[in-house]
Amino acid sequence: MKPTFRKANDKYFVEQLTRRNMEPYYKKLGISWDKKAFDKNWCEFESYEIAINDCSVGVLRLSHDDAAYYIRDLQIEPGWQRQGVGVQAIDHTFKLAQKAGFQLLRLRVFCENPAVNLYKRMGFRIFKTEDGAHYMEREI
């Protein structure tokens with residue numbers, strides 16, 4: 001099934017999915033959910049709901065600066081993980097970044113997150129590890 005990407009308007013859905021998916025990593029690293037940071041980023045990031053058959057199954061949040069395009073958040077509902085939705089979300093991001101004229105796509109992921117393997121398969125390389133997270137990038 002091919003997902004669609006639409007502007008995210010349901011802040012509650014985005015926040016709850018992110019909190020639920022990230023909770024194990026936050027607990028292990030002693031990180032507390034920062035609602036103020038989430039609210040600030042909600043206004044600053046490009047946020048997309050990932051939908052299949054008009055049902056929201058994930059969230060993709062992006063930003064950019066002069067140097068690169070960034071995947072700030074990619075969250076998939078647990079029942080839809082490992083079914084290619086993340087790959088298609090990353091492909092979608094490549095196309096957006098390329099269309100916008102960027103040469104570099106970056107992200108940060110907790111070292112223990114199994115998504116590290118997905119990112120490596122998709123051509124990302126680790127350029128720094130700090131505070132339990134890998135900083136990864138890929139040329140577009």
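Me: Why is D131 called exposed?
Reply: Its relative accessibility is 71%. Exposed means over 50% relative accessible area, buried means under 20%, and partly exposed is in between (1.4 Å probe, protein chains only). So D131, at 71%, counts as exposed. One caution: this is a predicted model, where local features need pLDDT of at least 70 and side-chain atom pairs count only at pLDDT 80 or more, while totals for chains, interfaces and linings use all residues. Residues are numbered from 1 along each chain as its sequence is written, and side-chain values use heavy atoms, with hydrogens and water left out.

Me: Where is D131 found, and what is its phi?
Reply: D131 is in the loop between strand 6 and strand 7. Its phi is positive, about 50°, although D131 is not a glycine. Strands here are DSSP runs of E with at least two residues, helices are runs of H or I with at least four, and both are numbered from the N terminus.

Me: Why does R82 count as exposed?
Reply: R82 has 75% relative accessibility, so it counts as exposed too. You'll find R82 in the loop between strand 4 and helix 3. R82 also has a positive phi, about 65°, and is not a glycine.

Me: What kink lies in helix 1, and where?
Reply: There's a kink of about 55° at E23, shortly before the proline P24. The bend is the angle between axes fitted to the seven residues ending at a residue and the seven starting there.

Me: Which residues of helix 1 are buried, and what covers them?
Reply: The buried ones are F13, V14, E15, L17, T18, N21, M22 and Y25. Their cover includes helix 2, strand 2, strand 3, strand 4 and strand 5.

Me: What makes something a pocket here?
Reply: On a 1 Å grid over the protein atoms alone, a 1.4 Å probe must fit, and the set of points must be open, with protein on both sides within 12 Å along at least five of seven lines; lining residues have an atom within 4 Å of a point. The largest pocket is lined by 46 residues, and M22, R72, D73, Q75 and R108 lie nearest its centre. Strand 4 supplies the largest share of that lining, 7 residues.

Terms used. Contact means heavy atoms within 4.5 Å.
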